[in-house]
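Visitor: Hi, I have just opened this entry and would like someone to walk me through it. Could you put it on the screen?

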Amino acid sequence: MSQFDDNENISINPSRAEHFNQLVDRVVSRRGILKSGLGLGAVAFLGGNLAACSSDGGTEPVAPVPPQAPMLNFKQVSVGSGDAIVVPEGYVAETFVPWGTPLVKGAPAWKPDGSNTGADQALQMGDNHDGMHYFPISGTNSSEGLLVMNHEYINPEYFFAYEPGQTDVFGTWTLDKVRKAQHAHGVSVVHIKKDAAGKWQLVVGSAYNRRIHGNTPMLMTGTAAGHALLKTSADPFGSYAFGTLNNCGNGYTPWGSYITCEENFNGYFGTTVSGASQTALMKRYGLSSGRSGYRWEDFDNRFDWAKEPNESNRFGWIVEIDPFDPTSTPKKRTALGRFKHENAAYAIAADGRVVVYMGDDQAGEFVYKFVSEGKYDAANPTAPANRNLLESGKLYVARFSDGATKGDSMGTGEWLLLDKEANPSLKTDATLPDQASVLINARQAGTVAGATPMDRPEWVSVHPTTKEVYLTLTNNSGRSTTDDANPRTSNVYGQIIRWRETGGDAAALTFEWDHFVLAGNPSATPLKSAGSSNINAGNTFNSPDGLAFDHDGRLWIQTDGSAANTGNYAGQGNNQMLVADPKTREIRRFLVGPSGCEITGITFTPDMKTLFINVQHPGELGSHPNRPTIPTGTSADVYTLQNPLVFSKWPDANGGRPRSATVIITKADGGKIGS
C-alpha cells in the first residue's frame with residue numbers, strides 16, 4: 001500500500017459493540033457453515049417453501065421459486081497473471097475511453113509522457129475509472145446512451161511527467177499539478193452511440209459530454225445544509241461545496257439521476273501548520289495528523305484542515321447528478337449521512353418510499369439504509385417530486401445478531417434509527433447536539449446507537465425479483481491477530497452476506513441474514529481458509545468488492561485484492577470478475593484483468609447485449625508478482641515514474657504508460673450476455 005492509499009484495513013471505530021466477525025465465528029462454530037456451506041436457513045433465502053419471520057413475530061409463507069434454466073451458460077476462464085483482459089470463449093472485449101481521452105469540446109489530446117496540464121485534464125476523461133451506469137438516450141435504447149462513470153483517485157507514479165533527477169513522484173510541485181490531480185477526480189458523462197458497423201463510439205462534440213471534478217460547484221441539501229460545521233471562508237453559508245473526491249462506487253435512481261459516492265476523502269486533507277490539533281470529528285474520519293500523501297495543502301488552503309477546519313465535513317456524502325442536463329448543479333444529499341460511501345443501491349418500499357442501502361468502507365464500520373419521507377410516483381418517473389426524494393427522510397444503521405433460533409445457519413438483525421430526538425441514546429449524547437451533527441458524524445452516531453462493526457462493507461446490490469440484499473465484506477487483513485488456521489480470525493479473503501427484510505418490505509425495521517459465500521483458497525499453503533462449499537480450486541478468489549445483479553438475476557462479483565499468486569493467494573492470479581447463480585450458489589470466473597489492476601464498475605444496456613466494466617489502476621505496484629529489483633536508494637514510485645511500462649503495458653503497449661479504461665464486452669454471436 002502506497003502513501004496515496006487510505007488504509008481501510010485499520011479500524012478507527014472506538015465502539016465496544018460485538019464485532020460482526022465475533023458473531024460469525026460463533027455462528028460458524030455452532031452451525032458448521034464452513035463445512036456444509038448451506039444450512040436450513042440458507043434454503044429459505046433460496047426461495048424454498050419455508051417460513052420467514054414477519055413483523056409481528058409470527059410466520060408467513062414464502063412462495064417457491066419456479067424451475068429455471070441454467071443461469072451460467074459460459075465456460076469458466078482460468079486464473080491468469082498476464083497483462084491482458086481474458087473473457088470466455090465466444091465473447092469479445094474492447095477497451096474504450098481510457099484516462100485522458102478528450103471528452104469536452106476543445107479538449108487537447110492525451111500526452112503519453114504525462115505532461116498534460118490541469119486545464120487539459122478538466123476537459124479529458126478522469127483517472128481510475130470506477131462505478132458507472134448506462135442511461136438510454138430514450139426509452140430502452142440499447143444503441144445510444146449516456147455512460148456515466150466515477151474517477152476515484154490518481155496514481156502519481158503514472159500521472160505526472162518525469163523530471164530527470166527528481167527524488168519523489170511530485171518533482172517540482174506546483175499549483176497546476178494540484179489542479180491536474182483535482183480535475184482527474186469526479187465523474188464523466190460520456191455520450192456513446194453504435195456506428196453503422198455496430199461498434200460503440202464516443203459522440204465527439206455532444207452537449208451531453210461533461211466533466212464534474214474536484215472543483216465543480218455543488219449544492220448542499222437536506223438537514224445538514226447551512227449548519228455551522230459546513231461553513232468555510234469560501235462559503236460562509238454552508239450551502240455550496242466545491243468539488244467531489246474519491247468517487248468510488250455508484251448508484252442510480254428510477255427517476256433517471258446518477259449517484260456518485262465519496263469514499264476516502266480523508267486522504268486529501270493534511271496541514272502545514274506545526275503543532276495544530278485535530279478535532280474529535282477529524283480523528284473519527286481518519287484525517288492525517290500532519291501532511292497528506294497528496295500534498296494538496298501545499299497550494300490549496302481548503303485542504304489544510306488547520307486553516308479550513310470545516311472543509312473536510314463537506315466531503316463523504318452521496319452526490320446526485322442529472323446526466324441529461326449538462327447545466328445542472330450536482331447536489332450533495334446530506335440526509336443520507338456522511339461516511340466513506342462505497343456505493344448505493346435502491347429499492348422501493350411497499351408503501352412507495354425509496355430505500356437506499358449503503359456501506360462504510362473501512363474495517364470496523366457500519367451498514368446503513370435511508371428511507372425517504374416522500375413516495376415514488378412510478379406513473380410519472382420524471383415528476384419534480386421524485387427528483388427531490390433524497391432531500392429528506394430517515395437514516396438507519398444495522399445491528400446484526402444471532403436471532404431466536406439456534407442451529408439454522410441464519411441470524412437476525414434490526415435497523416436502528418439515527419434520529420437525535422427519537423433515539424434515546426442519541427438524545428442524551430452531548431457530542432451530537434442536533435440532527436445535522438448526527439448526519440455529519442454518522443459514524444459516531446452509529447457507535448452511540450449500538451450498530452455492529454463490520455469488515456469493510458463495500459458494494460450493495462438488490463436482487464431484481466426477490467429483493468434480497470447482498471453486500472460484499474472485502475476483507476479485514478489488517479486485524480491485529482493473524483492465525484492462518486482460523487479463516488475468520490484473520491479474514492484475508494472476505495465474504496458476501498445477504499439479508500431479507502421482514503415481510504419483503506425494504507422499509508422494514510428487522511431482517512434475517514445469512515452468508516452467500518465465504519471466500520477462501522483450497523490451494524493455499526499453509527491453508528488459511530478453504531471457504532464455503534461453493535468455493536473450489538477452480539473458482540477461488542479473494543477480496544470481493546464490486547457487486548451487481550443483471551436483469552435476469554445473475555450476481556456479478558468483482559475483486560480488488562492481492563494478485564501475489566503465492567502463499568495465501570496461490571492460484572488466484574490477477575483480480576477478476578465472477579458470476580454466481582443466487583439459487584444454486586454456483587460461482588464461475590468470467591473475466592481476468594491485466595497486471596496490477598482492480599476490476600470494478602459494471603452496467604448493461606437494456607437488451608443485455610453489451611456489458612461495460614472498468615479496469616482501474618493497471619500496473620499499480622501492490623503485490624505485483626513480477627516486481628523487478630528496484631535500485632538501492634530509489635523509491636518504488638519514482639522507479640515506476642522513470643519506467644512507466646515496467647508493471648503493465650495495458651491497454652496500449654505503445655501508449656507511454658498504463659491507463660485506467662472502460663472495457664466493452666459483447667458476445668460474438670450478438671446474443672445476450674450470459675446466455
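This is a predicted model: local features need pLDDT of at least 70, side-chain atom pairs count only at pLDDT 80 or more; totals for chains, interfaces and linings use all residues.

Visitor: Fine. How many helices and strands does the protein have?

Guide: The protein has 11 helices and 32 strands. Of its 675 residues, 60% are buried, and among the contacts with a separation of 6 or more, 66% are between residues 24 or more positions apart.

Visitor: Let's pick a strand, say β6. Is it mostly covered or mostly open?

Guide: Strand β6, residues 186-194, is mostly covered, since seven of its nine residues are buried.

Visitor: And which strands does β6 pair with?

Guide: Strand β5, residues 144-151, is joined to β6 by eight bridges and runs antiparallel to it, with Glu144 having Lys193 as its bridge partner in β6. β6 is also joined to β8 by three bridges, again antiparallel, and there Val187 stands opposite Ile212. Three bridges join β6 to strand β7, residues 200-202, in an antiparallel run, where Lys194 stands opposite Trp200.

Visitor: What happens between β6 and β7 in that hairpin?

Guide: Five residues lie between the two strands of the hairpin, and Gly198 takes a positive phi near 85°.

Visitor: You mentioned β8. What does it have to do with helix α6?

Guide: β8, residues 210-212, is included in what covers the buried residues of α6, as are α4 (118-121) and α5 (156-159). The helix itself spans residues 175-183, and its buried residues are Lys177, Val178, Lys180, Ala181, Gln182 and His183.

Visitor: Switching to sheets: what is the order of the one with β26 in it?

Guide: That is an open sheet of four strands in the order β26-β27-β28-β29, and the pairing is antiparallel. β26 (544-549) and β29 (587-592) stand at the edges with a single partner strand each, so one side of each is left without a neighbour in the sheet. On average, neighbouring strands of this sheet are turned by 25° against each other, direction ignored.

Visitor: And how many bridges join β27 to β28?

Guide: Four bridges join β27, residues 555-559, to β28, residues 576-580, and the two run antiparallel; for example, Trp556 has Val579 as its bridge partner in β28.

Visitor: Now for holes: what is the volume of the largest cavity?

Guide: The volume of the largest cavity is about 80 Å³, and the structure holds one cavity of 30 Å³ or more.

Visitor: Which residues line it?

Guide: The largest cavity is lined by Trp99, Asp127, Asn128, Asn155, Tyr158, Phe159, His617, Pro618, Pro658, Arg659 and Ser660. By class, this lining has five nonpolar, four polar and two charged residues.

Note on methods: Residues are numbered from 1 along each chain as its sequence is written. Side-chain values use heavy atoms; hydrogens and water are left out. Two strands pair if DSSP finds at least two bridges between them. Axes are lines fitted to C-alpha atoms, for helices over the stretch in contact, and angles run from 0 to 180 degrees between N-to-C directions. On a 1 Å grid over the protein atoms alone, a cavity is a set of points where a 1.4 Å probe fits but cannot get out, and a pocket is an open set with protein on both sides within 12 Å along at least five of seven lines; lining residues have an atom within 4 Å of a point. Grid points are joined across faces, edges and corners, and a volume is the space filled by probe spheres set on the points. Ala, Val, Leu, Ile, Met, Phe, Trp, Tyr, Cys and Pro count as nonpolar, Asp, Glu, Lys and Arg as charged, and the others, Gly among them, as polar. Buried means under 20% relative accessible area, exposed over 50%, partly exposed in between (1.4 Å probe, protein chains only). Contact means heavy atoms within 4.5 Å.
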